Amino acid sequence: MRRVLPALLLFFGLALAGGLDLGIYSIVSGGGFSGHLGFYVEGNPLAARGSLIFGEGGGLMAGLDLLYRPFGNALLEPYLGAGAQTLIARQQSVGGLQMAVGEESYAVGTLGLALRLPKFRPFAEFSYCYGASPYAKAGLGFVWWW
């Protein structure tokens, strides 16, 4: 029990510190739109974000980012992020999704600005995805705390 208790405390602490992350992006190089749905775990000065990304890479991708927030609790806080994305399923031309786990992977660099409100944090960000076919995206989104 003594080994399990710290892991349980860490898990429930992260769950309480987290929030729901939603966003929509415009693919700057190449055109098109994408959106993401994920979780956000608050930390100071580091935060983590994981998401399912729809529309990028021609299908469904999974991503994980680590965000550095140098001015922690400011009302208007800039942040830098680094992360990775990988393809899970590719959209076929006829319809439906075809499993394509790991066929394409990208390193992601992010620069953003968030407005810190009590239960809601809107943000605007620009990301560059470097990989097999590099692209840039700009978007808006928000984190909602539960």
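This is a predicted model: local features need pLDDT of at least 70, side-chain atom pairs count only at pLDDT 80 or more; totals for chains, interfaces and linings use all residues.

**Notes on strand pairing and salt bridges**

1. Strand 7 (residues 105-115) and strand 8 (residues 120-131) run antiparallel and are joined by nine bridges. Strands here are DSSP runs (E, at least two residues), numbered from the N terminus, and two strands pair if DSSP finds at least two bridges between them. A hairpin of four residues connects strand 7 to strand 8. Opposite Phe-123 in strand 8 stands Ala-114.

2. Residues are numbered from 1 along each chain as its sequence is written, and side-chain values use heavy atoms, with hydrogens and water left out.

3. Strand 8 also pairs with strand 9 (residues 135-145), in the antiparallel sense and over 10 bridges. Three residues lie between strand 8 and strand 9 in their hairpin. Phe-123 has Gly-141 as its bridge partner in strand 9.

4. Gly-141 is also 6.2 Å from Ile-24, C-alpha to C-alpha, although the two are 117 residues apart in sequence. Ile-24 belongs to strand 1 (residues 18-27). Beyond its neighbours within four places in sequence, Ile-24 has contacts that include Ala-138, Gly-139 and Leu-140; contact means heavy atoms within 4.5 Å. Ile-24 counts as exposed, at 53% relative accessibility. The classes are buried (under 20% relative accessible area), exposed (over 50%) and partly exposed (in between), with a 1.4 Å probe and protein chains only.

5. How many salt bridges does the structure hold? There are 10, each defined as a side-chain nitrogen of Lys or Arg within 4 Å of a carboxyl oxygen of Asp or Glu. One of them joins Arg-49 and Asp-21 (3.8 Å, N to O). Arg-49 lies in strand 3 (residues 46-54) and Asp-21 in strand 1, so this pair ties together parts that are 28 residues apart in sequence. Both residues, Arg-49 and Asp-21, are buried.

6. Arg-49 forms a salt bridge with Asp-65 as well (3.2 Å, N to O). Asp-65 lies in strand 4 (residues 59-68), so its pairing with Arg-49 in strand 3 ties together parts that are 16 residues apart in sequence. Asp-65 counts as buried, at 13% relative accessibility.

7. A network of salt bridges links Glu-42, Arg-69, Glu-77, Arg-116 and Arg-121. Within this topic, the side chains of Arg-116 and Glu-42 meet at 3.5 Å, N to O.
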